[in-house]
Amino acid sequence: VTAFDPTAVDVRRDPYPSYHWLLRHDPVHRGAHQVWYVSRFADVRAVLGDDRFARTGIRRFWTDLVGPGLLSRIVGDIILFQDEPDHGRLRGVVGPAFSPSALRRLEPMVEATVDDLLRPARAVGTMDVVADLAYPLALRAVLGLLGLPAGDADAVGRWSRAVGRTLDRGATAEDMRRGHAAIAEFADYVERALAERRDDGEDLLALMLAAHRSRRMSRNEIVSTVVTFIFTGHETVASQLGNGLLSLLDHPEQLDSVRRRPDLVPRAVEECLRFDPAVQSNTRQLTADVELHGRRLRRDDVVVVLAGAANRDPGRYDRPDEFDVRREPVPSMSFGAGMRYCLGSYLARLQLRTALGAMAALPDLRLAVSPNELVYQPRTMFRGLTRLPVAFTPAG
Ligand code: HEM
């Protein structure tokens with residue numbers, strides 16, 4: 001029995017065999033670097049619903065790692081690193097921008113963006129789904145949510161990726177150097193956007209400026225929130241789109257049924273989220289001794305819950321390892337649970353439905369490389385492909 005290590009190359013390529021082992025033999029497992037790994041659905045839900053499994057310790061660990069400066073100041077303030085009461089206060093401020101009624105205004109934009117991005121590909125019959133559709137769509141959608149111009153997507157995407165890499169367990173010294181350089185430009189951009197904005201719109205930036213005026217949010221927190229949302233809002237959707245489309249391409253008869261029955265798209269999206277989630281794990285640190293599944297966990301221990309494993313728990317799902325777009329949907333752990341349940345789930349589903357629906361409709365859609373040429377990005381927090389070349393019959 002070896003210690004589970006999500007940074008190991010073979011686990012990164014395919015974590016599911018390790019998850020099986022954990023689910024079956026050691027559901028609360030002491031893995032590499034003394035970290036606890038929790039895999040069963042009920043245990044994951046219990047951890048995510050219990051505020052003794054907290055986040056501020058993780059912030060301290062990370063800010064120590066990056067050292068003093070703008071990067072730790074800005075990223076240290078992000079909602080994902082706060083516990084109560086700051087977490088609840090920030091969620092209360094930004095929450096209204098994520099309600100279905102507020103997000104409905106983004107639907108036409110998401111549809112037009114998918115159309116726009118697929119146009120050049122339709123003429124030639126080939127594309128790289130990751131670079132040509134997933135990233136630009138996800139970036140433009142999150143910029144729309146914030147109320148920032150879609151034309152800024154390239155620069156913003158570059159800064160965001162550099163900052164995001166510093167948050168990964170596998171970050172190198174070079175990643176840290178690039179992150180420090182990028183945050184200065186990123187913060188400058190957000191400050192300029194704020195200076196030009198009024199607080200009377202429906203978008204997230206306007207909402208936060210209003211909260212700042214009524215002293216519910218500091219200026220630094222606004223900058224942090226913009227940076228986080230751009231990062232978490234686009235890396236997740238972009239990765240999930242690639243993972244989901246690959247699951248469909250791996251099961252051509254199901255891709256075909258989605259093409260013939262567009263009403264299956266929402267179910268297919270839920271199954272893609274369950275089967276291969278973009279966010280594989282969420283980390284907490286204990287503020288007290290706790291007993292979980294018969295194991296004694298100590299205050300200050302680091303605990304990682306594995307959504308990718310919980311989604312394959314045979315105690316919750318029939319035939320958990322079968323991809324089945326006709327499955328009666330049973331909610332998965334892919335958007336988390338409890339007080340930190342993903343704020344962006346509606347926006348994510350909107351993009352996934354629109355993009356996967358449009359892709360599935362392309363005639364004779366298939367993978368354009370052999371499956372063993374596909375490579376996952378070198379990250380542990382998010383699971384996503386570096387590229388996904390596909391081919392189909394071009395229009396006209
Ligand atoms: C939280 C997954 C898209 C914003 C979370 C969490 C997960 C998750 C698992 C819980 C984190 C934890 O418990 O520590 C995903 C996936 C997405 C996606 C798989 C795409 C398929 C988005 C989008 C946005 C977003 C589009 C916003 C633009 C957030 C925020 C939180 C969060 C702000 C933190 C909530 C809090 O701390 O209270 N997401 N997400 N996500 N997500 Fe998402």
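## A chat about strands, cores and a ligand

Colleague: Hi! In which order do the strands of the open sheet of three run?

Modeller: The order in that open sheet is 4-10-9, and the pairing is antiparallel. Its edge strands are strand 4 (126-128) and strand 9 (366-367), each of which pairs on one side only. Strands here are DSSP runs of E with at least two residues, helices are runs of H or I with at least four, and both are numbered from the N terminus.

Colleague: Before we go on, what sort of model is this?

Modeller: This is a predicted model, so local features need pLDDT of at least 70 and side-chain atom pairs count only at pLDDT 80 or more, while totals for chains, interfaces and linings use all residues. Residues are numbered from 1 along each chain as its sequence is written, and side-chain values use heavy atoms, with hydrogens and water left out.

Colleague: Thanks! How many bridges pair strand 9 with strand 10?

Modeller: Two bridges, in the antiparallel sense, and strand 10 covers residues 389-391. For two strands to pair, DSSP must find at least two bridges between them.

Colleague: Let's look at strand 5. Is it largely enclosed or left open?

Modeller: Strand 5 is largely enclosed by the rest of the structure, because five of its six residues are buried. Buried means under 20% relative accessible area, exposed means over 50%, and partly exposed is in between, using a 1.4 Å probe and protein chains only.

Colleague: Which strands does strand 5 pair with?

Modeller: One is strand 3 (residues 53-54), antiparallel over two bridges, where Phe-53 has Leu-286 of strand 5 as its bridge partner. Another is strand 8 (residues 302-306), also antiparallel, joined to strand 5 by five bridges. There, Thr-283 sits opposite Val-304 of strand 8.

Colleague: Switching topic: which residues come nearest to the ligand?

Modeller: There are 24 residues around the ligand, and His-87, Arg-91, Phe-229, Arg-284 and Cys-342 come nearest. A residue is near a molecule or strand if one of its heavy atoms lies within 4 Å of it.

Colleague: What distances do the polar side-chain atoms of His-87 and Arg-284 have to ligand oxygens?

Modeller: For His-87, a polar side-chain atom lies 2.6 Å from an oxygen atom of the ligand. For Arg-284, the distance from a polar side-chain atom to a ligand oxygen is 2.7 Å. Helix 6 (86-94), helix 9 (129-146), helix 13 (219-249) and strand 5 (281-286) are the elements that give two or more residues to the shell.

Colleague: Which element gives the most to that shell?

Modeller: Helix 13, with six residues. By class, the shell has twelve nonpolar, nine polar and three charged residues. Here Ala, Val, Leu, Ile, Met, Phe, Trp, Tyr, Cys and Pro count as nonpolar, Asp, Glu, Lys and Arg as charged, and the others, Gly among them, as polar.

Colleague: How many residues are in the largest nonpolar core?

Modeller: It has 103 residues, and those with the most contacts inside it are Ile-230, Met-359 and Leu-388. Helix 13 provides the largest share of this core, 14 residues. A second, separate core of 19 residues includes Leu-48, Leu-286, Val-303 and Val-305. A nonpolar core is a set of buried Ala, Val, Leu, Ile, Met, Phe, Trp, Tyr and Cys residues joined through side-chain atoms within 4.5 Å.

Colleague: One more: is His-29 buried or exposed?

Modeller: His-29 counts as buried, because its relative accessibility is 3%. It lies in strand 1 (residues 28-30).

Colleague: What joins the side chains of His-29 and Asp-26?

Modeller: A polar contact of 2.8 Å joins them. A polar contact is a pair of N or O atoms within 3.5 Å; within protein, one must be able to donate a hydrogen and the other to accept it, and residues adjacent in sequence count only if both atoms are side-chain atoms. A polar atom of the His-29 side chain is also 2.9 Å from the backbone nitrogen of Phe-4.
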